[in-house]
Amino acid sequence: MKTNLGATGMRRYRRSCDPMRDYDMLPAHLRQWLAQAALPWSPASCRRIWRAAQAEGASPEELLARLDRAERRALARDSTSHPA
């Protein structure tokens, strides 16, 4: 079965919830970020990062920058574990 995950060595997880409903419940800025993300992020993992940054009083720009850093780290991990 083909999927839209692309060529990544990262683990896939089975979901016990409705990811589309969870996506729809996210703040607009976070949905926009997810729509352009390079990796198939789950709404739950993004919401966790988002809430942690909010709890620290981060601005919306800082929240998005934190997500960008998390994605860069994940891409770096994936490139080292899945060499071309």
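Which residues of helix 3 are buried? The legends below take up this question and others, working from a predicted model.

**View 1. The buried residues of helix 3.** Pro43, Ser45, Cys46, Ile49, Trp50 and Ala53 are the buried residues of this helix. Helix 3 is built from 13 residues. From its first C-alpha to its last, helix 3 reaches 18 Å, close to the 18 Å expected at 1.5 Å a residue. An α-helix has 3.6 residues a turn, so residues three or four places apart point the same way. Just after helix 3 comes Gly57, with a positive phi of about 80°.

**View 2. The whole protein.** The protein has 4 helices and 0 strands. Read from the N terminus, its elements run α-α-α-α. Of its 84 residues, 25% count as buried. The protein exposes about 6400 Å², and carbon and sulfur atoms supply 52% of that area. Take the contacts with a separation of 6 or more: residues 24 or more positions apart account for 46% of them.

**View 3. The largest nonpolar core.** This core holds 15 residues. Which of them touch the most other members? They are Leu30, Trp33, Leu34, Trp41, Cys46 and Leu67. Helix 2 (28-36), helix 3 and helix 4 are the elements that give two or more residues to this core.

**View 4. Around Trp41.** Trp41 is among the core residues that touch the most other members. Leave aside residues up to four places away in sequence, and Trp41 touches Trp33, Leu34, Cys46, Ile49, Ala70 and Glu71. Of these, Cys46 and Ile49 are also among the buried residues of helix 3.

**View 5. The salt bridge between Arg66 and Glu56.** The structure holds 2 salt bridges. Side chains of opposite charge can pair when their charged atoms come close. In one of the bridges, Arg66 pairs with Glu56, and the closest N and O atoms are 2.6 Å apart. Arg66 lies in helix 4 (residues 60-81), while Glu56 lies in the loop between helix 3 (43-55) and helix 4, so the pair ties together parts that are 10 residues apart in sequence. Arg66 is partly exposed, at 23% relative accessible area. Glu56 counts as exposed, at 58% relative accessibility.

**View 6. The salt bridge between Arg21 and Asp22.** Here Arg21 forms a salt bridge with Asp22. The closest N and O atoms are 3.3 Å apart. Asp22 is buried, with a relative accessible area of 10%.

Terms used: Residues numbered from 1 in each chain as written. Predicted model: local features only at pLDDT ≥ 70, side-chain atom pairs only at ≥ 80, totals over all residues. Heavy atoms only, no water. Salt bridge = Lys/Arg side-chain N within 4 Å of Asp/Glu carboxyl O. Buried < 20%, exposed > 50% of the residue type's maximum accessible area, 1.4 Å probe, protein only. Expected span 1.5 Å × (residues − 1). Core = buried A, V, L, I, M, F, W, Y, C linked by side-chain atoms within 4.5 Å. Contact = heavy atoms within 4.5 Å. Areas by Shrake-Rupley, 256 points an atom, 1.4 Å probe, with all protein chains shown as cover.
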